[in-house]
Amino acid sequence: MTHTFTPLFTLLGSLAMAASAALGKPNVIVIMADDLGYGDLSCYGATTFKTPHIDKLAAGGQRFTSGYCSASTCTPTRYSLLTGTYAFRKKGTGIAPPNGHLIIDQDTFTLPDLMKKAGYKTAVVGKWHLGLGEKGKGPDWNGELKPGPREIGFDHHFLLPTTNDRVPQVYVTESKVLNLDPKDPLWVGRKKPSPDHPTGITHRDSLKMDWSHGHNATIHNGISRIGFYTGGHKARFRDEDLADKWVEQSVAWIEQNKDEPFFLFYASHDLHVPRIPHERFQGVTPHGFRADSIVQLDWTVGEIMKTLDRLNLTENTLVVFCSDNGPVMDDGYKDGALEKVGTHKAAGPYKGGKYSVYEGGTRTPFITYWKGKIPAGTSGKMVCTVDLAASLAALTGTSLPKEACKDSMDVSPALLGKDDAKGRSHLIQQDNGGRGKFGFRKGNWKLTHHSGGQARNTVVEKNLTNNKVPTFQLYDLSKDPGEKKNVIKANPKVAAELQTELESLVKAGRSRAE
Ligand code: NG6
Ligand code: CA
């Protein structure tokens with residue numbers, strides 16, 4: 001019997017492989033939002049403002065209800081997106097400072113490396129926040145900003161170096177600060193450069209947006225920032241123009257590369273502080289600049305999709321929309337986000353937000369769209385931004401070196417909306433790292449580990465911080481998605497199993513099978 005059936009199975013197997021190869025090499029655009037929570041889009045339940053362009057992707061593609069980013073802050077999520085490895089496995093992957101060095105080792109096999117191996121042109125436009133320059137040296141602002149995106153696999157970059165609340169407000173492209181006048185060198189540092197240097201403390205009355213905590217150093221564009229800088233005046237941009245500039249740059253790069261497969265990582269900054277949307281978006285929602293910035297982000301997505309339509313690329317492009325961490329209201333500036341939040345639930349039904357290992361910290365909008373290839377629908381499969389490396393490797397038929405992408409799972413069938421697809425069976429969620437806080441989701445169970453017994457920001461809309469919590473808690477997400485009832489006492493066996501598994505996955509140094 002086996003004898004007669006074997007050739008048939010082999011035939012079916014090779015047909016299945018041919019089918020996946022027949023998907024060819026679609027262009028891939030990963031749009032990563034900044035600080036966008038699960039409930040921050042109208043397709044994820046927001047009712048007081050609309051996000052029609054992103055809603056269109058959700059309505060025509062897969063809208064994930066268990067889509068995650070790997071950490072509840074920016075740098076570790078971006079690190080794991082680009083390396084396919086959980087950031088907690090490497091020291092120094094927390095929020096990068098203004099003068100931080102590149103935290104991805106040059107010999108790491110990265111997501112852009114794998115796309116290049118697959119024959120793609122690669123680019124990153126937007127927020128970087130992974131450091132520039134060598135360890136021990138950091139960025140050479142007036143010279144070559146190397147190593148940087150080029151050295152880890154991007155053919156092209158047009159970037160904001162860190163975040164816009166960190167100095168300096170300049171664009172980086174071709175490994176240099178754009179429009180830098182050598183006669184006006186750029187200096188970036190941690191100490192006030194001279195006693196008369198204006199800061200958010202000495203010139204607070206002159207600010208167009210006041211700070212609430214931190215963010216009181218050098219002033220640029222009426223906003224005081226984290227860190228100090230002088231010079232580089234011709235290179236400096238206005239916060240209001242960031243989104244327009246990145247759309248312009250992305251559209252130009254897509255046009256230049258329309259005839260070959262391309263991979264674009266579009267890293268938006270819109271609702272990260274300081275939230276300064278362009279004047280045309282200011283006041284479009286009842287919630288102040290935070291939600292106005294969401295509408296601006298939605299506009300950028302619309303512009304990118306319009307470009308694909310115009311160039312006839314929509315049916316040959318996979319678009320992945322995701323976020324880098326959950327939401328926060330007051331993140332250091334008095335922009336009224338908290339006061340004007342009204343009934344809006346930025347984290348949707350989930351607890352916590354940015355900085356937290358509760359679901360609100362990492363369960364975020366996650367949409368895949370590919371016209372004609374991905375069916376429309378809502379998916380409950382568990383997927384994470386760390387999985388894009390292994391999934392795009394599978395989609396493009398590229399092999400991953402054994403030692404690379406240690407925690408990236410091939411969830412490409414789920415991303416493509418296949419009926420029989422599986423998502424992840426487990427996921428480790430982390431905060432900014434370094435303090436041993438983890439969330440561990442397995443099926444519908446969720447174990448949280450808070451070393452030191454402190455949880456951050458458990459109710460986003462009330463701006464509570466640092467609540468005391470037990471070291472381990474257990475939640476049953478099938479009955480209690482909002483992580484309200486700790487059921488660890490009633491389920492000691494489950495808790496012990498999850499604790500052991502979490503510990504062994506952390507210790508093992510990898511979770512992708514070799
Ligand atoms: C914090 C900043 C916060 C934000 C965050 C990084 C203060 C008081 N807070 O340290 O405003 O910049 O870092 O955000 O300075 S992230 O989304 O890039 O991770
Ligand atoms: Ca962020």
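Modeller: This is a predicted model. One place to begin is the end of α3, which is followed by Gly84 with a positive phi near 70°.

Biologist: Is α3 mostly covered or mostly open, and how many of its residues are buried?

Modeller: Buried here means under 20% relative accessible area. The buried residues of α3 include Cys74, Arg78, Tyr79 and Leu82. The helix is mostly covered, and its buried residues number 10 of 10.

Biologist: What is the C-alpha to C-alpha distance between Gly94 and Cys74?

Modeller: Cys74 is one of the buried residues of α3, whereas Gly94 belongs to the loop between α3 and α4. The two are 20 residues apart in sequence, and their C-alpha atoms are separated in space by 8.2 Å.

Biologist: How many residues does the second, separate core have?

Modeller: Phe265, among the residues with the most contacts in the largest core, touches Val30, Met32, Leu82 and Phe154, among others beyond four places in sequence. The second core is separate and includes Phe49, Phe262, Leu264 and Ile304; its residue count is 46.

Biologist: Why is the arrangement of donors around the calcium ion (ligand 2) irregular?

Modeller: The protein donors come from Asp34, Asp35, Asp324 and Asn325, and they lie 2.2 to 2.7 Å from the ion. Six donors would count as octahedral only if opposite donors were over 155 degrees apart and all others between 65 and 115. The 6 donor atoms around the calcium ion (ligand 2) subtend angles of 51 to 167°, so the arrangement is irregular.

Biologist: How many residues apart in sequence are the parts tied together by Asp34 and Asn325?

Modeller: Along the chain the donors follow the spacing D-D-x288-D-N. Asp34 lies in the loop between β1 and α2, and Asn325 in the loop between β12 and α7, so the pair ties together parts whose separation in residues is 291.

Biologist: Which residue of β20 is the bridge partner of His449?

Modeller: Strand β20 is mostly covered, with 4 of its 5 residues buried. It pairs with β17 in the antiparallel sense over 5 bridges. In β20, the partner of His449 is Phe472.

Biologist: What is the radius of gyration of the protein?

Modeller: The protein has 10 helices and 20 strands, and 59% of its 514 residues are buried. Of its contacts with a separation of 6 or more, 72% join residues 24 or more positions apart. A compact globule of 514 residues would have a radius of gyration near 24 Å, which agrees with the value for this protein, 23 Å.

How values were computed: Residues are numbered from 1 along each chain as its sequence is written. Chains are lettered from A and ligands numbered from 1 in the order in which they are written. This is a predicted model: local features need pLDDT of at least 70, side-chain atom pairs count only at pLDDT 80 or more; totals for chains, interfaces and linings use all residues. Side-chain values use heavy atoms; hydrogens and water are left out. Donors are N, O and S atoms within 2.8 Å of the metal (3.2 Å for Na, K and Ca); water is not among the atoms, so sites may look incomplete. Four donors count as tetrahedral if all angles lie between 85 and 135 degrees; four count as square planar and six as octahedral if opposite donors are over 155 degrees apart and all others between 65 and 115; anything else is irregular. Helices (H or I, at least four residues) and strands (E, at least two) are DSSP runs, numbered from the N terminus. Buried means under 20% relative accessible area, exposed over 50%, partly exposed in between (1.4 Å probe, protein chains only). Two strands pair if DSSP finds at least two bridges between them. A nonpolar core is a set of buried Ala, Val, Leu, Ile, Met, Phe, Trp, Tyr and Cys residues joined through side-chain atoms within 4.5 Å. Contact means heavy atoms within 4.5 Å. The radius of gyration is taken over C-alpha atoms; the globule rule is 2.2 Å times the number of residues to the power 0.38.
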